[in-house]
Amino acid sequence: AMRAALVGYSSSEEEDEEEEGGRGGGGAQEPPRAGPGRPRLPVPAGLPGDPDPEEAVSDDSSRHGGRVRGFPHERGSWATHVYLPYTVQEEFLELLELLLSRARTYVSSLAAMEQFHLSLSQCVVLRYHWIDPFVRCLRERLAAFHRFFCVADQVKVYTNQNKTRTFIGLEVSAGHFQLLELVSEVDRVLEEFDLPTFYKDPSFHISLAWCVGDMSGRLEGQCLRELQDIVDRFEDSALLLRVQWEQIRCKSGNKYFSFPLR
């Protein structure tokens with residue numbers, strides 16, 4: 001039943017915490033304690049679909065925007081995701097606003113992501129007692145990696161595997177090789193824990209906005225061309241969309257772990 005834990009994108013796509021949110025993190029039952037000498041990181045604002053504590057246990061889809069959990073919530077199983085966090089600047093939010101107001105003329109229900117990241121794993125399910133060994137393993141494998149740049153400037157439309165959600169993202173046009181190297185290390189850790197690895201031929205991207213349902217037909221073609229045009233003309237986009245990654249992050253339930261790049 002591990003396959004059920006996958007969150008795929010049909011665009012040979014990876015994904016995401018965006019999609020991951022709809023699963024229960026299990027956090028309601030087992031409040032994590034910070035380990036000795038490990039300060040708790042501040043918890044970022046929720047992603048669309050991140051469960052409220054009581055939502056983590058009840059599955060009333062009307063309470064979370066009509067989203068349906070992709071795998072059943074089990075006590076003690078934690079939705080886990082490895083990603084590169086993208087820190088936004090004010091100009092990025094200006095660009096996002098331009099893109100959203102144009103895209104909403106095609107699909108009015110689009111909502112901006114509240115956090116931005118690039119995924120290095122699918123959302124997988126970890127038992128509570130495997131979290132620490134999993135994180136330790138990741139830390140060892142990722143310790144040698146240096147900071148690197150990538151360019152995320154190609155507007156693309158994605159749907160999740162069961163077509164219940166649609167995303168607009170910025171796909172990476174440079175830096176793909178380094179991202180694949182990172183993924184291969186993360187994959188080796190996932191394999192050790194008998195968890196599903198990342199998609200073959202992934203389309204690395206930063207998701208910008210999402211909506212419920214499969215709206216790809218409305219967003220592709222003319223809309224996509226207009227959005228790309230906005231990105232290409234935006235004054236600061238060359239600067240904004242060339243990203244230097246400084247850390248990798250792992251979110252498991254409501255715990256966050258950070259792995260600095262050298």
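Which residue forms a salt bridge with Glu246? Select Glu246 together with Arg147, and you have the two partners, whose closest N and O atoms are 3.4 Å apart; a salt bridge here is a side-chain nitrogen of Lys or Arg within 4 Å of a carboxyl oxygen of Asp or Glu. Glu246 lies in the loop between strand 8 (242-245) and strand 9 (247-252) and Arg147 in the loop between helix 3 and strand 5 (148-159), so the pair ties together parts that are 99 residues apart in sequence. Helices (H or I, at least four residues) and strands (E, at least two) are DSSP runs, numbered from the N terminus.

Before going on, keep in mind that this is a predicted model, in which local features need pLDDT of at least 70 and side-chain atom pairs count only at pLDDT 80 or more, while totals for chains, interfaces and linings use all residues. Residues are numbered from 1 along each chain as its sequence is written, and side-chain values use heavy atoms, with hydrogens and water left out.

The structure holds six salt bridges, and another one to select joins the side chains of Glu226 and Arg102 at 3.3 Å, N to O. Because Glu226 belongs to helix 6 (residues 222-233) and Arg102 to helix 2 (residues 90-103), this pair ties together parts that are 124 residues apart in sequence.

Next, select Arg141 and Glu185, which form a salt bridge with their closest N and O atoms 3.1 Å apart. Arg141 lies in helix 3 (residues 131-142) and Glu185 in helix 4 (residues 176-192), so the pair ties together parts that are 44 residues apart in sequence. Glu185 is buried, with a relative accessible area of 16%, whereas Arg141 counts as partly exposed at 26%; buried means under 20% relative accessible area, exposed over 50%, and partly exposed in between (1.4 Å probe, protein chains only).

**Aromatic rings**

Rings of Phe, Tyr and Trp (its six-membered ring) pair if their centres lie within 6.5 Å, and planes under 30 degrees apart count as stacked, over 60 as edge-to-face and the rest as tilted. Trp130 counts as partly exposed at 40% relative accessibility, while Phe193 counts as buried at 17%. Phe134 and Phe193 also form an edge-to-face pair, with 5.4 Å centre to centre and 75° between the planes. Phe134 lies in helix 3 and Phe193 in the loop between helix 4 and strand 7, so the pair ties together parts that are 59 residues apart in sequence.

For a charge beside a ring, select Arg242 and Phe149: the charged end of Arg242 sits over the ring of Phe149, 3.7 Å from its centre. A charge sits over a ring if NZ of Lys or CZ of Arg is within 6 Å of the ring centre and within 35 degrees of the ring normal. At Trp210, the charged end of Arg165 sits over the ring, 4.4 Å from its centre.
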